Amino acid sequence: MGIDILITILVVLVVGGAIAVGRSVRIVQQYEQGIIFRFGRIVEAPRTAGLTLIRPFGDRMQKVNMQIVAMAVPAQEGITRDNVSVRVDAVVYFRVVDPIKATINVQNYLYAISQQAQTSLRSIIGQSEMDQLLAERDQVNRELRRIIDEPTEGPWGIRVERVEIKDVSLPEGMKRSMSRQAEAERERRARIITADGEYQASKRLAAAANVMARDPAALQLRLLQTVVEVAAERNSTLVMPIPVELLRFFDKFTPSAGGGGEAKSEADSASMADFGDAVDPAIADAVAEAEGKKPISAPAADALEIPEVPAIPELSATEKGDIGTHPDAATTGNGIAPEAAARQETTGEDKPS
């Protein structure tokens, strides 16, 4: 009977010792720190990495991860300072620098950092312009990190290491406007480069023309070289341009026509007649007189001949009548005109005896 009791006590002691050892031995990882709570109070500094012992009863260890945490901030919509609607998302990198503050002062520091990052991101959108969000991201990231880190490092024991803006979504209308602006800028640069190239080429061509002008044969040699280059293409048609300088070169050896400038002007006028319609000589003379190229013609020496008017034959006494009337008027047998006789018959006047 006594042996059984002794064995039972030994078994209880062994089991209790195993339980006590299991509750006392703790292992802290290299990236962690352990905080000891004794009856609800922190009694000492955090335990570092390795094997550590605590009291089996009354002590409790809470481990805090000291690694850098990368947290994605959900996309936030906002209006920039220049009244452009944008949608921005970011990434926050932070770590715990004081495990006691991160455990005591904030209930869930991961959720708290997430909410702080979202509100700070909306704030920085309203303070910045669209061009700053697109082109000056380093400055925006530094400002956003300062805004997030200011209320978290001191009271919460959490340090924000870095903040990066991932993407900035713009409206479709703004994207089209920016693409047109970029196209216009590229077109402007292309035109400037083309104009600069033409300017440099014109200077080179002017210098080459100056060198060729010293010897007219050089231009002829250049022409022959051009013909050789064109003929190398095996074309069926060969066009040979005649430069003006070559015509001037041959004009020096051409004898001038007699009569001076007057004969030359007449030849020019004759040659120009082939390129226009036939003109009335009278109209051409009138235009020449108006322009002062031809003197006004003198009046004709011979006067115009006026034909003689034939004589009018006189009427006889019988045709004229006894009384003088109009030569052209016809009379009746009484010597009265027919109109007067008719008037007397109508009015009933007495006829003259």
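**Salt bridges and a buried arginine**

Glu143 and Arg146 both belong to helix H5 (residues 137-149), where they sit 3 residues apart, about one turn of the helix. Colleagues, please keep in mind that this is a predicted model. The side chains of these residues, Glu143 and Arg146, meet in a salt bridge, at 2.5 Å from N to O. Arg146 also forms a salt bridge with Glu150, with the closest N and O atoms 3.7 Å apart. As for accessibility, Glu143 is partly exposed at 28%, Arg146 is partly exposed at 42%, and Glu150 counts as exposed at 58%.

I turn now to helix H7 (residues 172-213), which holds both Glu172 and Lys175, 3 residues apart. Glu172 and Lys175 form a salt bridge, the closest N and O atoms being 4.0 Å apart. Glu172 counts as exposed, at 51% relative accessibility, whereas Lys175 is partly exposed, at 41%. Across the whole structure, the search finds 13 salt bridges.

Next, Arg47. This residue lies in the loop between strand E3 (41-42) and strand E4 (50-53). Is Arg47 buried or exposed? Arg47 is buried, because its relative accessible area is 18%, and the cut-off for buried is under 20%. Its side chain makes a polar contact with the side chain of Glu44, at 2.4 Å. Beyond its neighbours within four places in sequence, Arg47 contacts several residues, including Val28, Ile36, Leu53 and Met61.

Finally, the sheet. Its 3 strands form an open, antiparallel arrangement in the order E3-E2-E5. E3 and strand E5 (59-65) each have a single partner strand, so one side of each is left without a neighbour in the sheet.

Terms used
Residues are numbered from 1 along each chain as its sequence is written. This is a predicted model: local features need pLDDT of at least 70, side-chain atom pairs count only at pLDDT 80 or more; totals for chains, interfaces and linings use all residues. Side-chain values use heavy atoms; hydrogens and water are left out. Helices (H or I, at least four residues) and strands (E, at least two) are DSSP runs, numbered from the N terminus. Buried means under 20% relative accessible area, exposed over 50%, partly exposed in between (1.4 Å probe, protein chains only). A polar contact is a pair of N or O atoms within 3.5 Å; within protein, one must be able to donate a hydrogen and the other to accept it, and residues adjacent in sequence count only if both atoms are side-chain atoms. Contact means heavy atoms within 4.5 Å. Two strands pair if DSSP finds at least two bridges between them.
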